[in-house]
Amino acid sequence: MINTARLHSDLSRLGRETNMMLATIDTLSADEMSAPSLCEGWSRADVIAHLASNGRSLVKLIDWAATGEEQQLYASPEARNEEIAALAALPREELVGKFRSAAEYFAEQAERLAGELAVQEVDLHGKVIPATSIVALRIAEVVVHHHDLDTAWTIEEADPDSQLNAVEAAVRTMRAKDAPGMTLVTEEGDEWVIGDGALQVKSDREGLIEWLARGQARYIEASGPLPVLPAW
């Protein structure tokens, strides 16, 4: 069970981040939606389609936590890619509608996390996710992919706790994919150790998100050469 006050706080932040992304999407024409994003090989429409798909698939983690029955988000990587491609090919207004309805569906279903949970942890592609962090995971997805749209919006505009959610999600991925040993320190006072923690890496949360998620190291200070990171 998640503390009800915490859950509602997380859902409030999720609503804020989602509404900010919708405001950005509303400024994009159909042509701008088809332009490349910061996700290699994906257009902006692909990014929006991924979040529309992700909003519904993450509900399966809520089902898992609530019932104890293991769930897979997609039947296969191919099925995931096919779903994203089909959504991205929709007319602009339909795609935006799919994004909006998926966001609403996830928020509604997440209320179930305030009840008694059958399991305290779930697994996402080899990453152990506390049931209490499923909403935070969705927040991370929205924040990072809002950044991927490559518009005037920046991660700096996200809530500080949402930035923290995004860094934690990226760190979880680095650990699951055996990234090189690093100690990550933020100017906000956070610290994470990956592997042997040998390389000291410092930035603010925004800078760490850009580097861990998309390899942009413009705000990174390190005690040695920066490694090539696993894809997130």
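**Reading a helix and its neighbours**

Mentor: Keep in mind that this is a predicted model. The buried residues of α8 pack against α1 (4-26), β2 (127-130), α7 (134-148), β3 (182-186), β4 (191-194) and α9.

Trainee: How many residues of α8 are buried?

Mentor: A residue counts as buried when its relative accessible area is under 20%. In α8, which is mostly covered, 12 of the 17 residues are buried, among them Leu164, Val167, Ala170 and Met174.

Trainee: What span should helix α8 have, and how far apart are its end C-alpha atoms?

Mentor: Helix α8 covers residues 160-176, and at 1.5 Å a residue its 17 residues should span 24 Å; the end C-alpha atoms are 25 Å apart, which agrees.

Trainee: Is leucine 208 buried or exposed?

Mentor: Leucine 208, which lies in helix α9 (residues 205-214), counts as buried because its relative accessibility is 0%.

Trainee: Which residues is leucine 208 in contact with, leaving aside its neighbours within four places in sequence?

Mentor: Contact here means heavy atoms within 4.5 Å. On that basis leucine 208 touches Val167, Leu184, Val185, Thr186, Trp192, Val201, Ser203, Ala213 and Ile220. Isoleucine 220 is 12 residues away along the chain, and its C-alpha atom is separated from that of leucine 208 by 7.1 Å.

Definitions and conventions. Residues are numbered from 1 along each chain as its sequence is written. This is a predicted model: local features need pLDDT of at least 70, side-chain atom pairs count only at pLDDT 80 or more; totals for chains, interfaces and linings use all residues. Side-chain values use heavy atoms; hydrogens and water are left out. Helices (H or I, at least four residues) and strands (E, at least two) are DSSP runs, numbered from the N terminus. Buried means under 20% relative accessible area, exposed over 50%, partly exposed in between (1.4 Å probe, protein chains only). The expected span of a helix is 1.5 Å times one less than its number of residues.
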